[in-house]
Amino acid sequence: MLTDTELASLMTGLEREWVERKASASDLDEIRKDLCAFANDLADHRRTGVVFVGVNDDGTCAGLTIDDALLRRLGDMRDTVLPLPMLAVDHRHLNNCDVAVIQVEPSPNPPVRVRGRTWVRVGPTLRTATVEEEARLSEKRRWGNLPFDHTPMRGASVDDLDLDLFRSVYLPSAIAPEVLQDNQRDLSHQLSSLRLITSEAIPTVAGILTLGKDLRQWLPGAYIQFARYAGEKLTDAVADQKELDGPLPWLLRLVDDTLSVHIMTSSRITGQPLEVRQPDYPVEALRQLIRNAVMHRTYDASNAPVRLYWFSDRVEVLSPGGPFGIVNRTNFGAPGIADYRNPLVAEALKVLGYVQRFGAGIAIARSELARNGNPPPEFAVEPTHVLAIVRSRT
C-alpha cells in the first residue's frame with residue numbers, strides 16, 4: 001500500500017489511469033466500477049489503484065465529512081466485487097484535507113466483475129470489457145500464486161462438468177442478462193471467464209466443486225456426512241444417516257431439505273386465542289454455519305467431509321481445516337474478521353444466492369439463535385478443524 005507522501009502526490013497530480021477522485025460517496029455504484037477496473041488492471045500497470053473520496057476533479061478538497069459510517073459503507077462495497085479484491089479503506093489527512101482513501105491491488109485472478117459486468121479502464125475512460133479484453137484478462141492469471149480452489153484439476157476435462165447446470169443456473173446468476181444478450185461468447189470462453197476452467201480448458205477445483213458430475217472422483221472429501229442420533233452421545237443409536245453430495249447448487253439444496261425434515265416445531269397457546277409455533281433450532285442459524293463450513297473448509301489438506309451431527313440436545317457442524325489467514329483462535333467469529341481459504345468457492349456461493357454478505361454468517365447465526373431463545377453458538381477452534389455447537393432451545 002502507498003505512503004502518505006505518494007498518496008498526496010497522486011491526489012493533486014495529473015489524471016492517471018490508476019487514480020480516481022470523487023467529491024462525495026453519493027454514487028457507490030460508480031466507485032464499485034472503479035475498484036473493479038483497478039483490480040482488472042487491463043493495461044498491466046501492476047500498480048495500486050486509488051480512489052480518493054472527498055476530493056474534487058482538480059485535486060482540491062471537497063470538504064466531505066469522513067466518519068466511521070462512511071468508511072464502513074466504502075468497505076462494504078467489497079462484497080459486490082467478485083472475486084474478492086485486495087483493498088484497504090482508510091481515513092487520511094493529505095494536503096490539509098481529510099479524505100477517504102480506497103486502495104486496491106491488481107487481481108492475480110481476473111476478470112473481476114461487479115454484478116455480472118467486467119469493468120476496465122482504458123486511459124481515463126471507464127467501460128465494460130470486450131470479449132477480446134476479457135480473453136486478455138484471463139491470460140494474466142498467475143496459477144502458481146493462487147489458492148487451491150483456483151488451480152487446475154489435472155486429469156479432468158470439460159466433459160466432467162454439468163454444462164446444463166452451468167447454462168441454466170450458474171451463468172444467468174453470474175452474468176448480467178444484457179451482457180449475455182449483447183455478445184455471443186462461446187461456452188469455453190464463458191467457463192474460462194468465470195474461472196471454472198483454465199485457458200487450456202482444464203476445470204479448476206472450483207469448477208469441479210460448482211459443476212462437477214462426480215465430485216468425489218476428484219475431491220473425495222467434498223460432501224457432508226449427516227447423522228442423527230437418538231441420544232446425546234456418538235455411541236447412541238443412529239436414527240438417520242446419509243451422505244449429502246453433488247455440485248454446490250444441489251448440495252446446499254439437499255442441506256435445506258435435510259434441515260426442514262429434522263427441525264422440530266412446538267406449539268403453545270398464549271393468553272389470547274393465538275397459537276405460537278417455535279422451532280427447536282432456527283433454520284437460518286444452521287444454514288449459515290453449514291455454508292460457512294463448506295466455504296472455509298480445506299479441500300486439499302484433508303479428505304474428511306464436513307460433519308453434520310444431530311443429537312437430542314444439540315447440533316454439531318465440523319469443518320475440516322483450522323482457521324485461515326488473519327483469522328485465529330483468539331479473534332474467530334469477531335465482527336469484521338474474515339479471510340478466505342477458498343475465494344472462488346465463496347464467489348460461487350455469493351453468485352448462487354447462498355451468501356448475501358461476506359463475513360456475516362456467524363453474526364447472523366448468533367442473532368437468529370438469540371431471537372429463537374437458544375443459547376449462543378459455541379466454537380472449538382483447532383489447528384485441524386473448527387467445530388460449531390448449537391444447543392437446543394429446550
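Where does P111 lie? P111 is found in the loop between β5 (97-104) and β6, where helices and strands are DSSP runs (H or I over at least four residues for helices, E over at least two for strands) numbered from the N terminus.

## About the model

This is a predicted model, in which local features need pLDDT of at least 70 and side-chain atom pairs count only at pLDDT 80 or more, while totals for chains, interfaces and linings use all residues. Residues are numbered from 1 along each chain as its sequence is written, and side-chain values use heavy atoms, with hydrogens and water left out.

## Backbone details in the loops

Let us stay with P111 for a moment. The peptide bond from P110 to P111 is cis, and its omega is near 5°. Another cis peptide bond runs from L82 to P83, with omega near -5°. P83 sits in the loop between β3 (81-82) and β4 (87-94).

D41 is also worth a look. This residue is not a glycine, although its phi is positive, at about 50°. Its place is the loop between α2 (28-40) and β2 (49-53).

## How α11 packs with its partners

Helix α11 (residues 283-296) and helix α13 (residues 361-372) have axes that come within 8 Å and cross at roughly 160°; axes here are lines fitted to C-alpha atoms, for helices over the stretch in contact, and angles run from 0 to 180 degrees between N-to-C directions. That makes α11 roughly antiparallel to α13, a term for angles over 145 degrees, whereas under 35 counts as roughly parallel, 65 to 115 as roughly perpendicular and the rest as oblique. The crossing of α11 and α13 is left-handed (the near helix is turned anticlockwise from the far one by less than a right angle; clockwise would be right-handed). On the α11 side, E284, A285, Q288, L289 and N292 meet G361, I362, I364, A365, E368 and L369 of α13, where contact means heavy atoms within 4.5 Å. The residues of this contact comprise six nonpolar, three polar and two charged. In this grouping, Ala, Val, Leu, Ile, Met, Phe, Trp, Tyr, Cys and Pro count as nonpolar, Asp, Glu, Lys and Arg as charged, and the others, Gly among them, as polar.

Helix α10 (residues 248-262) also packs with α11, at an angle of about 145° and with the axes 11 Å apart. The crossing of α10 past α11 is right-handed. From α10 come L248, L251, L252, V255, D256 and L259, and from α11 come V283, L286, R287, I290, R291 and V294. By class, this contact has nine nonpolar, no polar and three charged residues.

## Where α5 meets α12

The axes of α5 and α12 come within 9 Å and cross at roughly 95°. The two helices, α5 and α12, are therefore roughly perpendicular to each other. Y170, S173 and A174 of α5 meet E347, A348 and V351 of α12. This contact of α5 with α12 divides into four nonpolar, one polar and one charged residues.

## A pocket beside these helices

The second largest pocket has a volume of about 210 Å³. On a 1 Å grid over the protein atoms alone, a pocket is an open set of points with protein on both sides within 12 Å along at least five of seven lines, a cavity is a set where a 1.4 Å probe fits but cannot get out, and lining residues have an atom within 4 Å of a point. Grid points are joined across faces, edges and corners, and a volume is the space filled by probe spheres set on the points.

Of the 16 residues lining this pocket, L82, R115, G116, A174 and V351 lie nearest its centre. The elements giving two or more residues to this lining are β6 (113-114), α5 (163-174) and α12 (343-351). Eight nonpolar, three polar and five charged residues make up the lining of the second largest pocket.

The largest cavity, of about 90 Å³, is lined by E17, W18, A37, F38, D41, L42, A43, H45, R47, G49 and R121. Its lining divides into five nonpolar, two polar and four charged residues.

The second largest cavity has a volume of about 70 Å³. Among its 13 lining residues, A222, Y223, L251, V294 and Y299 are the closest to its centre. By class, the lining of this second largest cavity has 11 nonpolar, one polar and one charged residues.
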